[in-house]
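Let's take a friendly walk through a protein fold. Have the sequence and the 3D view ready, and follow along strand by strand.

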Amino acid sequence: MENISDVEYAPIAAAGRSEIQTGKAYILSDAIDGKIEKYDIEIESLSGFGRTADKRLIIAITDERLLEKTGGIVQGLRGSPIIQNGKLVGAVTHVLVDDPSRGYGILIENMLTEGKQVYDMCSGVPSTAQELHKFSSKI
């Protein structure tokens, strides 16, 4: 694939769950030589089930360069964005224990939802001692 380290970055749209499909995609990573590059992957399955949101995607590394240099999904790939059809699908979370060329990903939809919940939860939380006093007297 191509080295994109020198490319100017543009915003990328987030893919909704209904836009994601099994098949070709790519990740962006600086795992080899510290340069951000595209590496081919395959989205093998998309699960709506399971107790943990970080295992909704099962992915396989198909890029020979990445497999040759790293042997598969390594710690440095965690958090690498997964892109399909020009949209951000999610991020790599961790490797399958019995097959390092395959792993899990979290959907961007889940990350955005959880981020909003944290933001909502934190708004209204006191940031000064005076606000803390007012806040605690209401509890």
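This is a predicted model: local features need pLDDT of at least 70, side-chain atom pairs count only at pLDDT 80 or more; totals for chains, interfaces and linings use all residues.

## Two strands side by side

Strand 5 (residues 87-96) and strand 6 pair in the antiparallel sense, over 6 bridges. Here, strands are DSSP runs (E, at least two residues) numbered from the N terminus, and two strands pair if DSSP finds at least two bridges between them. Strand 5 and strand 6 also form a hairpin, with 2 residues between them.

Residues are numbered from 1 along each chain as its sequence is written, and side-chain values use heavy atoms, leaving out hydrogens and water.

## Another partner, and a barrel

Strand 6 (residues 99-107) also pairs with strand 3 (residues 57-61), in the antiparallel sense and over 4 bridges. Along this pairing, I58 stands opposite Y104, and I59 stands opposite G103. In general, strands of a sheet pair through backbone hydrogen bonds, either parallel or antiparallel.

Now zoom out: 6 strands close into a barrel in the order 1-2-3-6-5-4, with antiparallel pairing. From one strand to the next, the twist averages 45 degrees (axes are lines fitted to C-alpha atoms, and angles run from 0 to 180 degrees between N-to-C directions).

## The nonpolar core

How many residues does the largest nonpolar core have? There are 18, and those with the most contacts inside it are I27, I43, L57, I59 and I82. Strand 1 (23-29), strand 2 (37-46), strand 3 and strand 5 are the elements that give two or more residues to this core. A nonpolar core is a set of buried Ala, Val, Leu, Ile, Met, Phe, Trp, Tyr and Cys residues joined through side-chain atoms within 4.5 Å.

## A closer look at V92

Leaving aside neighbours within four places in sequence, V92 is in contact (heavy atoms within 4.5 Å) with residues including I27, I59 and I82. V92 and I27 are 65 residues apart in sequence, and 8.3 Å apart in space, C-alpha to C-alpha.

Definitions and conventions:
Buried means under 20% relative accessible area, exposed over 50%, partly exposed in between (1.4 Å probe, protein chains only).
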